Amino acid sequence: SGIRKLGAKLLREPGPREMVLLLTHSHWDHPAGFPFFRPAFVPGTTISLCGGADAQDSILKSLQHEMEPPYFPVDMSAMKAAFVKGCRCGRAECAHKLPGVRSAHACDSIPLSHPNGGYGYRISAKSGKAFVLLTDNELEYRHETGRSRDDYVEFCRGADLLFHDAQYTTEEYEKTRTWGHSTFKAAVDFAIEAGVRRLGLLHHDPDRTDDEIDAIVRWCRDCIREKNSALECFACAEGLTLEV
């Protein structure tokens, strides 16, 4: 839903209206803000859609479906931006390079371990810095479309910043195993193994209070110290700005 505020910010900025929209998957809690993304209604805007290496057609169809009756009163035909398909993350023929990143393999994708599938992304800059997003990724259970733990570790290896699913406590996970989400303990252990610099805990349980999330972060930091790791850990929050 944060894409609504992002769209308003982009319209206040000068310069070309060209962007790449990376989508992880189509479960309703993720693309919910798309119909409110104002740049999509502005002529002259170009939006390249990327849904991972093999989901270019299905991701556009899912966005169109989101704006069909009875889900939304405005049809996608009202969006005057040019939507471009064909991004192939992690492949040499990728036609849509991200601004400010190196020309070869600037954005790589990996299938998520999640019901109905999805994709995570690694974005690498010219400086060598790397950001990885693995939301809705269950580390302790391999779903049909998922990869091995070793594959995920190598995908994240040495990243400067990792956002990873950390929805459940260990106790909660006893009942929610196979639902497609990880515990914050699993996320911390994984980040240490992958040698990332900073870990942002992501996809908080919707019933979690701010105080409870703060307590989770304290627990994670204590765990990191006990393991003698230099990993930095924090909770992702709306409006948070980070520099990589």
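**Notebook: rings, sheet and core**

I looked up F234 first: at 14% relative accessibility, F234 counts as buried. Here buried means under 20% relative accessible area, exposed means over 50%, and partly exposed lies in between (1.4 Å probe, protein chains only). I note that this is a predicted model, where local features need pLDDT of at least 70, side-chain atom pairs count only at pLDDT 80 or more, and totals for chains, interfaces and linings use all residues. Residues are numbered from 1 along each chain as its sequence is written, and side-chain values use heavy atoms, with hydrogens and water left out.

**Aromatic rings**

I searched the whole structure for aromatic pairs and found six. Rings of Phe, Tyr and Trp (its six-membered ring) pair if their centres lie within 6.5 Å; planes under 30 degrees apart count as stacked, over 60 as edge-to-face, and the rest as tilted.

Helices (H or I, at least four residues) and strands (E, at least two) are DSSP runs, numbered from the N terminus. F36 is partly exposed at 43% relative accessibility. F72 is buried at 16%.

I then checked F163 and F234, which are edge-to-face at 6.4 Å centre to centre and 80° between the planes. F163 is in strand β7 (residues 161–165) and F234 in strand β9 (residues 232–235), 71 residues apart. F163 is buried, at 16% relative accessibility. Ring pairs join F131, F163 and F234 into a cluster.

**The sheet**

Next I traced an open sheet of six strands, in the order β4-β5-β6-β7-β8-β9, with mixed pairing. β4 (107–111) and β9 are at the edges with a single partner strand each, so one side of each has no neighbour in the sheet. From one strand to the next, the twist averages 15°. Two strands pair if DSSP finds at least two bridges between them.

β7 and β8 run parallel and are joined by five bridges. H164 has L201 in β8 as its bridge partner.

Which strands does α3 touch? α3 packs on the sheet and touches β4, β5 (119–124), β6 and β7, and its direction makes about 165° with that of β4. α6 also packs on the sheet, touching β8 and β9, at about 170° to the direction of β9. Axes are lines fitted to C-alpha atoms, for helices over the stretch in contact, and angles run from 0 to 180 degrees between N-to-C directions.

**Helix α3**

In α3 I found Y152, V153, F155 and C156 buried. They cover an arc of only 160° around the axis, which puts them on the same side of α3. The arc is that of the directions from the helix axis to the C-beta atoms. Their cover includes β4, β5, β6, β7 and α5.

**The cores**

The largest nonpolar core has 29 residues, and L134, C156, L162, F190, V196, L199 and L201 touch the most other members. α5 gives it the largest share, seven residues. A nonpolar core is a set of buried Ala, Val, Leu, Ile, Met, Phe, Trp, Tyr and Cys residues joined through side-chain atoms within 4.5 Å.

Last, I listed contacts (heavy atoms within 4.5 Å). Beyond its neighbours within four places in sequence, L201 contacts residues including H164, I216, C220 and F234. A second, separate core of 17 residues includes L49, L63, M76 and M79.
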